[in-house]
Amino acid sequence: MNQSGNLPRSGLGSLVLISAVLGGCAAAFAYTAGRFSPGRLTPIRMIAALTPPSGAPLGHRRNHAKGICFTGVFEANGSGVELSRAKVFERGAYPALGRFNLGTADPNAVDATVRVRGLGLQIAAADGEEWRMALINPPFFAVSTPQAFHDLLIASGKKDPEAIKTFIQANPEFAAFAAWAKTAPWTTSYAEEPYRGLNSFIFTDATGSDHTVRWSLLPTAQPVLVSQAELEKRGPDFLEQEIAERVRTAGPQRWTMVTTIADPGDPTADPSKAWPENRRTVQVGTLIVQRIEPERDGPCRDINFDPTVLPQGMRVSDDPFPAARSSVYRKSYDLRAAEASDYPRTEAAKP
């Protein structure tokens, strides 16, 4: 994994680098126990595939290892109740806790070497139920199955250039992601990114009717586009510094949550396929980021943004990724919790 310095600029080298940072693609995955035959993927095997040659980032998340915490509120506008009976869609303000992050296993990665940016989010209802999610900025996922994601990590870790070529031949859907990674503009801030939940979920409304959905957070901040080279000049930790300063001086940052409803026949089990742009959407509320805190001592440090933690009125669909990610998230959490001494809190923050 290329974790510092300049990204390769062209050809096969770019694809190898793109695949190497695909930790940004909504995190690690593994088949869940009992749904697939033994001996295939396990959380341990997936974490091993994510681990860079330099070793595991002890005390850190095994993916999306570089990040910064935030707190704020989710202001529901009431429109979401037509889709789900979840309390967080009833008009009102609900505590929100989250983490801006980069899709890399290196907590010290240079910002300009990581193509995918992410956002982990937890929204809490008054009755104690929580809605947790993990979102990223690409418009679609790199591959169509958890097995393909594992294979991509393995292929990108090999020195043989034929390995990634063979992978692409076997997984042609990767071409769309590779094109996005090569041509999509870079922005100067976490606040300027859209964050997309690429997986399908099922919302159930008060009448018992089901709606298959995906959701996104769309920023109100206007993006300032820069080249990768220009971003690199701004420093290795520019994004964390910028979002902290932006919230301190400009005030809270906002994203509109937009829920997209699938039509019959839309692919619900394959996040590498975007739904047509003409699908019905409902704006259900606004995420307001009010405060930024460093991760080491921040409130997001010990949160597992498991996307299967859902309130009543939501459930997983036939998309295998959320449950698969959940199993790896749990194992990653256990590992970093046991390694807390390798990433200690500061003296001031200790109880």
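Guide: Welcome! Let me start with a term: a residue is buried under 20% relative accessible area, exposed over 50%, and partly exposed in between (1.4 Å probe, protein chains only). The model is predicted, so local features need pLDDT of at least 70 and side-chain atom pairs count only at pLDDT 80 or more, whereas totals for chains, interfaces and linings use all residues. Residues are numbered from 1 along each chain as its sequence is written, and side-chain values use heavy atoms, with hydrogens and water left out.

Visitor: Why is Glu 192 called buried?

Guide: Glu 192 has a relative accessible area of 4%; the cut-off is under 20%, so the word buried applies. Glu 192 sits in the loop between β5 (186-187) and β6. Those labels follow DSSP runs numbered from the N terminus: helices are H or I with at least four residues, strands are E with at least two.

Visitor: What does Glu 192 touch, leaving out residues up to four places away in sequence?

Guide: Contact means heavy atoms within 4.5 Å. By that rule Glu 192 touches Thr 187, Pro 219, Ala 221, Gln 222, Pro 223, Val 224 and Arg 246. For Ala 221, the C-alpha atoms are 5.4 Å apart, although 29 residues separate the pair in sequence.

Visitor: Is Lys 182 buried or exposed, and how do you know that?

Guide: Lys 182 has a relative accessibility of 61%, and the limit is over 50%, so the residue counts as exposed. Lys 182 belongs to helix α5 (residues 174-183). Its C-alpha lies 9.1 Å from that of Arg 115, 67 residues away in sequence.

Visitor: What about Ser 317: why is this residue called buried?

Guide: The relative accessible area of Ser 317 is 15%, and the rule asks for under 20%, so Ser 317 qualifies. The residue is in the loop between β11 and α8 (321-338). Not counting residues up to four places away in sequence, Ser 317 touches Ser 200, Phe 201, Ile 202 and Thr 268.

Visitor: And what makes His 64 stand out in its backbone angles?

Guide: Phi of His 64 is near 50°, a positive value in a residue other than glycine. His 64 is in the loop between α2 (43-50) and β1, and counts as buried at 9% relative accessibility.

Visitor: What makes helix α3 mostly covered?

Guide: In α3 (residues 146-156), nine of the 11 residues are buried, among them Phe 149, Leu 152 and Leu 153. Over the 351 residues of the protein, 57% count as buried.

Visitor: Why is the link between Cys 69 and Cys 300 called a disulfide?

Guide: The S to S distance of Cys 69 and Cys 300 is 2.0 Å. The search of the whole structure finds one disulfide. Cys 69 lies in strand β1 (residues 66-76), and Cys 300, 231 residues apart from it, in the loop between β10 (281-294) and β11 (314-316). Both Cys 69 and Cys 300 are buried, and the angle of -75° about the S-S bond makes their link left-handed.

Visitor: How do you know that a space is a pocket or a cavity?

Guide: On a 1 Å grid over the protein atoms alone, a cavity is a set of points where a 1.4 Å probe fits but cannot get out, and a pocket is an open set with protein on both sides within 12 Å along at least five of seven lines. Lining residues have an atom within 4 Å of a point. Grid points are joined across faces, edges and corners, and a volume is the space filled by probe spheres set on the points.

Visitor: What volume does the largest pocket have, and which residues are closest to its centre?

Guide: The largest pocket has about 480 Å³. Of its 19 lining residues, Pro 139, Arg 196, Ser 216, Thr 260 and Trp 275 are closest to the centre. Strand β7 gives the most to this lining, four residues.

Methods. Disulfide = S-S within 2.5 Å.
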